[in-house]
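Here is a short report for a reader meeting this protein for the first time. Please look over the sequence and the model, then read on.

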Amino acid sequence: MVSAVFHSPLDAAAPAAQNAMTNVASSALSTSARGQKHSKSAATTAGAATPAAPARRDWAALSRSFWMAVLPPLCGLGLLVGLWAVVSTTTGGSIPTPLETWKQALDVFSNPFYSNGPNDQGVGWNVLMSLERVAIGFGMAALVGIPAGFVIGRFNFLSRMFNPLISLLRPVSPLAWLPIGLLVFKGANPAAIWTIFICSIWPMIINTAVGVQRVPQDYMNVARVLNLSEWKIATKILFPAVLPYMLTGVRLAVGTAWLVIVAAEMLTGGVGIGFWVWDEWNNLNVKNIIIAIFVIGIVGLVLEFALIKLATAFTFEEVKA
């Protein structure tokens with residue numbers, strides 16, 4: 001006997017649907033795998049290309065900072081030269097033009113260390129002699145002024161004692177001290193050094209004393225509890241705390257000394273940048289006077305920059321001019 005089995009259309013369609021779902025899932029998996037591979041390769045390509053954009057941004061920032069550092073000073077110098085040219089034109093040539101002064105400067109600096117006698121020496125010897133006077137007078141002022149500032153700032157009695165004297169003598173013009181130096185030392189060179197000394201000592205005394213007075217009282221209380229000697233208080237507590245004030249006084253004193261030496265040498269004569277300016281005026285050589293003005297400014301700028309770097313190195317903070 002033959003038995004027959006009948007299937008409904010739904011039963012027949014089920015395996016087909018199952019096979020279709022399997023095929024769709026396989027296709028989706030393969031497509032997903034290919035997509036992941038494609039995304040990985042794209043990410044790899046993008047990752048390889050990403051450093052180019054920051055590099056371009058860094059270069060643009062560096063270029064912008066460079067031009068911001070260089071362009072303003074160049075504009076300032078250009079403005080100075082332009083005004084100089086206008087003044088030279090309006091004065092009918094009594095003030096030499098920038099080009100004429102430049103040609104004269106090339107001739108002056110071609111041999112800055114010639115010597116044809118005591119009153120005819122190159123600009124290099126004159127600058128060195130002025131720096132020597134400044135160094136001697138400033139060094140003596142530092143040896144006296146810094147310890148005096150420590151003592152005046154440390155003891156209230158001495159502070160009240162010397163404050164009126166400092167307030168009385170500090171505003172006196174440095175050149176007013178020059179005749180006293182000539183009278184006492186009987187020589188032009190010692191008198192110029194004396195003038196540098198007397199005008200350089202006040203900024204160092206005042207700034208050092210103010211620094212000592214601004215040391216926190218807690219530091220001094222700890223020193224009193226530990227029964228420290230005055231030497232240890234000065235070296236271990238006061239000196240590190242007062243160093244920024246002291247260096248500020250030194251910077252101000254050097255600037256003042258370099259200003260004063262030019263005027264002092266004009267009056268005392270001899271070799272020096274101030275005497276060189278006065279001698280060129282007697283010779284009516286205005287070009288060399290302008291060159292001397294630039295030399296004085298450049299030397300003062302170098303001294304200021306060196307002391308700013310020194311103060312920054314020892315005070316661990318930014319010191320701006």
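Among the elements of the protein, helix α4 (residues 123–154) has the highest mean pLDDT, 92. Helix α1 (residues 9–49) has the lowest, 44. Here pLDDT is the predictor's confidence in each residue, from 0 to 100. This is a predicted model, in which local features need pLDDT of at least 70 and side-chain atom pairs count only at pLDDT 80 or more, while totals for chains, interfaces and linings use all residues. Residues are numbered from 1 along each chain as its sequence is written, and side-chain values use heavy atoms, with hydrogens and water left out.

**Confidence and overall make-up**

The mean pLDDT of the protein is 79. Of its residues, 80% reach 70 or more. Over residues 1–50, pLDDT stays under 50. For that stretch the model has zero contacts beyond four places in sequence. A contact means heavy atoms within 4.5 Å.

The protein has 11 helices and zero strands. Both are DSSP runs, numbered from the N terminus: helices are H or I with at least four residues, strands E with at least two. Along the sequence the pattern reads α-α-α-α-α-α-α-α-α-α-α. Buried residues make up 31% of the 321 residues. Buried means under 20% relative accessible area, exposed over 50%, and partly exposed in between, with a 1.4 Å probe and protein chains only. Take the contacts between residues at least 6 apart in sequence: 68% of them join residues at least 24 apart.

**Two helix pairs**

How do α4 and its partner α5 pack? Helix α4 and helix α5 (residues 156–169) meet at an angle of about 120 degrees, with their axes 6 Å apart. Axes are lines fitted to C-alpha atoms, for helices over the stretch in contact, and angles run from 0 to 180 degrees between N-to-C directions. That angle makes α4 oblique to α5. Angles under 35 degrees count as roughly parallel, over 145 as roughly antiparallel, 65 to 115 as roughly perpendicular, and the rest as oblique. From α4, the contact uses Val-151, Ile-152 and Arg-154; from α5, it uses Asn-156, Leu-158, Ser-159, Phe-162 and Ile-166. By class, these residues are five nonpolar, two polar and one charged. Ala, Val, Leu, Ile, Met, Phe, Trp, Tyr, Cys and Pro count as nonpolar, Asp, Glu, Lys and Arg as charged, and the others, Gly among them, as polar.

The second pair is α9 and helix α10 (residues 273–282). Their axes come within 6 Å and cross at roughly 50 degrees. That makes α9 oblique to α10. On the α9 side are Trp-258, Val-262, Glu-265 and Met-266. They meet Ile-273, Gly-274, Phe-275, Val-277 and Trp-278 in α10. This contact has seven nonpolar, one polar and one charged residues.

**A residue of α9**

Is Thr-268 buried or exposed? Thr-268 is buried, at 18% relative accessible area. It lies in helix α9 (residues 230–268). Thr-268 touches Leu-178 and Ala-188, leaving aside residues up to four places away in sequence.

Asn-227 and Leu-284 each have a positive phi in a residue other than glycine.
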